[in-house]
Amino acid sequence: VLDEDGSEITPTIAHAIPNAAPNPAPHDVHSNDASQELRGSIDGLLKELIDRKVYQVEIMDPTTGTLWWLTPRALELQSPESGWKMHVGLGLRHPARTISTVLSLLREHNVYHKVIGSENALGIMETNLTQHGKVIAIYPRNEKEMIEITKILDHALVPLGERYIIPRFEAKIGRSGALTARYGVLRAGKYDGQHILVTDRNGKPVLKEDKNGKPREQTVKDSRDGREWEKTYAPDFVNWNPFAEAGIEFLAPPEEGWSANHAELPSQPEGERK
């Protein structure tokens, strides 16, 4: 299974969830939980976007031909190496409508993003503990852009009244139920795409003396399931929350992560409100 940055991830890490079955049953995106619109609707939308040359294939499995991620042709990734990233979950009733709405707004406001490349890729992702529920990945240039696009997307998605499958260990943001966020690697760079540079709020590296008394930059591993962090959605040095500061509803996941069937969660789950 490939993450949105192209790195390989081992599928279904059962030991990361207490009492999880050794081989949990994969979530079927074509099951009765979703409407018949899901069958073929996402592939149809994505094919149209490729044919119109609006999006290009970013990652493809050369063996199976599976299209993993598509990126907009007119936009370039301009985010820092690490920071806050957002995801849009899988709508269960009208998934293509949700995807189309979000993609149009992201392009209109010039916010870089990736979208799942095919229903086949989505089905494989749904069997993976840390990739579950990631349909669109959003990479803001900075926190200001992130807050602005969060408000725009949430405003557009709330009226849809959709139910979503979302990433298990990310924080819910906004009122639509579709948007989540985590702090992690945004692009490969100096720290190999697997480690996060420890910085202050302004992105300035926090230095620490090595054994020879020389100040060095510090990094932490990007823990995709959050098990190595106190908060599953952000490393311990991140003591700021731009969403809460902007008055955006922010709900941290429970310790074990969101339920496998997020659509059935009550409106006030056990997550900690920040």
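The legends below accompany close-up views of a predicted model.

**View 1. Overall content of the chain.** The chain holds five helices and 14 strands. Of its 274 residues, 50% are buried. Among contacts between residues at least 6 apart in sequence, 69% link residues that are at least 24 apart. The accessible surface of the chain is about 13,100 Å², and carbon and sulfur atoms account for 48% of this area.

View 2. The largest nonpolar core comprises 59 residues. W84, V115, I136 and F243 have the most contacts inside this core. Helix α2 (residues 95-108) supplies the largest share of the core, with six residues. Another core, of five residues, lies apart from the largest one and includes L75, Y112, A137 and L186.

**View 3. Strand β9 and its pairing with β3.** Strand β9 spans residues 179-185 and is mostly covered, with seven of its seven residues buried. Strand β3 (residues 82-88) pairs with β9 in the antiparallel sense, over seven bridges. Within this pairing, G184 of β9 is the bridge partner of G83.

**View 4. The β8–β9 hairpin.** Strand β8 (residues 171-173) also pairs with β9 in the antiparallel sense, here over three bridges. K172 stands opposite T180 of β9. The two strands, β8 and β9, form a hairpin with five residues between them. In the turn, G174 has a positive phi of about 80°.

Notes
Residues numbered from 1 in each chain as written. Predicted model: local features only at pLDDT ≥ 70, side-chain atom pairs only at ≥ 80, totals over all residues. Heavy atoms only, no water. Core = buried A, V, L, I, M, F, W, Y, C linked by side-chain atoms within 4.5 Å. Buried < 20%, exposed > 50% of the residue type's maximum accessible area, 1.4 Å probe, protein only. Helix = DSSP H or I, 4+ residues; strand = E, 2+ residues; numbered from the N terminus. Contact = heavy atoms within 4.5 Å. Areas by Shrake-Rupley, 256 points an atom, 1.4 Å probe, with all protein chains shown as cover. Pairing = 2+ DSSP bridges.
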